[in-house]
Amino acid sequence: MGKILVTGGSGLLGTYLKKNLPKAIYISSKDYDLTSEKDVIKLFKNSKFDRVIHLAARVGGVHHNIQEPVKYFEENILMNTLLIKHSYKNNVKRFLGVLSSCIYPDKIKKYPIKENLLFSGEPHKSLFPYSYAKRSMALQIDSYNQKFKTKYNYIIPCNLYGEFDKFGEIQGHFVGALIDKILKAKKNKKKSIKLFGDGSPMRQFMHARDLAKVISIIIKKNMTESFNIATSENYSVKKIANIALQACEFENTKLIFDRSMPNGQLRKDIDIKKLKRLIPRFKPILLKDGIREIYLKKKEGI
Ligand code: NAP
């Protein structure tokens with residue numbers, strides 16, 4: 001496998017990946033600011049790497065994306081561009097980038113969405129800056145492969161959740177924020193919880209520990225394909241909220257939908273035939289079991 005650099009080592013996914021690839025070097029923004037070319041040059045001057053797994057990104061929920069479009073565009077485009085450019089300059093043999101199912105076209109004729117449709121329409125308006133920055137990474141990787149015959153690749157995962165998620169309402173992702181709301185409602189003996197939108201958008205959520213497992217298989221098997229990664233569970237926001245209420249032993253709680261808040265993309269389920277062909281034995285944890293596991297860990301803290 002050679003010497004591996006993992007960016008974004010302190011994040012949700014990076015924290016799980018440490019268990020799968022313990023010998024890799026994990027960095028965060030405290031070590032290097034990857035939006036600064038000076039820092040990226042210093043990073044590759046300080047050590048030589050055979051592989052880069054690039055997890056670092058500005059990531060967050062729809063509401064934070066709408067509040068901070070410049071950060072979501074600029075930071076992502078800078079980090080990705082600099083990392084790929086300097087990986088190549090420093091003779092990195094394999095580069096793995098991480099995109100997201102959020103960046104696929106907002107509307108498509110046929111679901112689930114296949115990998116070849118990444119550029120076949122506009123992403124959802126609420127995520128333009130993040131999506132175009134991430135799409136550019138795919139384009140940059142494809143361009144390096146075409147021009148320099150590198151074997152760099154990217155994965156396109158669905159939404160994630162996990163114990164190390166951001167749990168706040170604004171910066172957090174949906175499942176993390178949902179568990180947080182349920183825990184707070186339980187603590188304050190509330191009879192309802194409020195959710196943004198009307199509950200109809202469909203979502204796929206994967207435990208970040210499962211994605212970390214897939215990444216370690218990609219590395220260990222030296223795979224160079226680019227492909228979607230998701231579970232086959234694709235549920236409405238309302239159904240996910242009900243699954244979470246049950247998993248957190250809070251079933252009799254009323255769900256209130258704040259229809260004044262945007263829904264975000266209505267559907268973005270991705271096709272996982274390629275994943276199943278490449279890693280046939282991969283079996284992700286069910287959403288109800290993953291949420292239950294996090295609830296049991298978190299409830300000790302309240
Ligand atoms: P995360 O928890 O938000 O972690 C982001 C990581 O990036 C942190 O380690 C952070 O370091 C680092 N980082 C941010 N800005 C940086 C900078 N300027 N310089 C250096 N490092 C910087 O993200 P995640 O949820 O683990 O996501 C990992 C990857 O998966 C991302 O590429 C994301 O786009 C992709 N993805 C995520 C989801 C999801 O639902 N979470 C879904 C699909 C794809 P600090 O801790 O020091 O800030």
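Five of the five residues of strand β5 (residues 153-157) are buried, so the strand is largely enclosed by the rest of the structure. Helices (H or I, at least four residues) and strands (E, at least two) are DSSP runs, numbered from the N terminus.

The model is predicted: local features need pLDDT of at least 70 and side-chain atom pairs count only at pLDDT 80 or more, while totals for chains, interfaces and linings use all residues. Residues are numbered from 1 along each chain as its sequence is written, and side-chain values use heavy atoms, with hydrogens and water left out.

The sheet comes next. Strands of a sheet pair through backbone hydrogen bonds, either parallel or antiparallel. In this model six strands form an open sheet with parallel pairing, in the order β2-β1-β3-β4-β5-β10. At its edges stand β2 and β10 (227-229), each with a single partner strand, so one side of each is left without a neighbour in the sheet. From one strand to the next the twist averages 20°. Two strands pair if DSSP finds at least two bridges between them. β1 and β2 run parallel and are joined by three bridges, and V6 has Y26 in β2 as its bridge partner. Helix α7 packs on the sheet and touches β1, β3, β4, β5 and β10, its direction making about 160° with that of β5. Contact means heavy atoms within 4.5 Å. β4 and β5 also pair in the parallel sense over three bridges, with V98 opposite I155 in β5.

S101 is placed in the loop between β4 (94-98) and α5 (128-148). This serine is buried, with a relative accessible area of 2%. Not counting residues up to four places away in sequence, S101 touches I156, P157, C158, N159, K268 and I270. P112 is placed in the loop between β4 and α5 as well, and the peptide bond from Y111 to P112 is cis, with omega near -5°.

Seven of the nine residues of α1 (residues 12-20) are buried, so the helix is largely enclosed by the rest of the structure. The buried residues are L12, L13, G14, T15, Y16, L17 and N20. Their cover includes β1 (4-7), β2 (25-27), β3 (51-54), β6 (159-161), β9 (205-207) and α7 (208-220).

Two helix pairs follow. Two packed helices are described by the angle between their axes and the distance between the axes. Axes are lines fitted to C-alpha atoms, for helices over the stretch in contact, and angles run from 0 to 180 degrees between N-to-C directions.

Helix α2 (residues 37-46) and helix α4 (residues 69-89) cross at roughly 35°, and their axes come within 10 Å. The contact brings E37, V40, I41 and F44 in α2 against L82, L83, K85, H86 and S87 in α4. These contact residues divide into five nonpolar, two polar and two charged. Ala, Val, Leu, Ile, Met, Phe, Trp, Tyr, Cys and Pro count as nonpolar, Asp, Glu, Lys and Arg as charged, and the others, Gly among them, as polar. Within α2, V40 is buried, with a relative accessible area of 0%. Leaving aside neighbours within four places in sequence, V40 is in contact with L34, L82, L83 and H86.

Helix α8 (residues 237-247) and helix α10 (residues 287-299) pack at about 45°, with axes 9 Å apart. I240, I243, A244 and A247 of α8 make the contact with L287, K288, I291, R292 and Y295 of α10. Seven of these residues are nonpolar, none polar and two charged.

Two loop residues remain. N91, in the loop between α4 and β4, has a positive phi of about 65° although it is not a glycine. At 55% relative accessibility N91 counts as exposed. K149 lies in the loop between α5 and β5 and has a positive phi of about 60°, again without being a glycine. At 66% relative accessibility K149 counts as exposed.

Note on methods
Buried means under 20% relative accessible area, exposed over 50%, partly exposed in between (1.4 Å probe, protein chains only).
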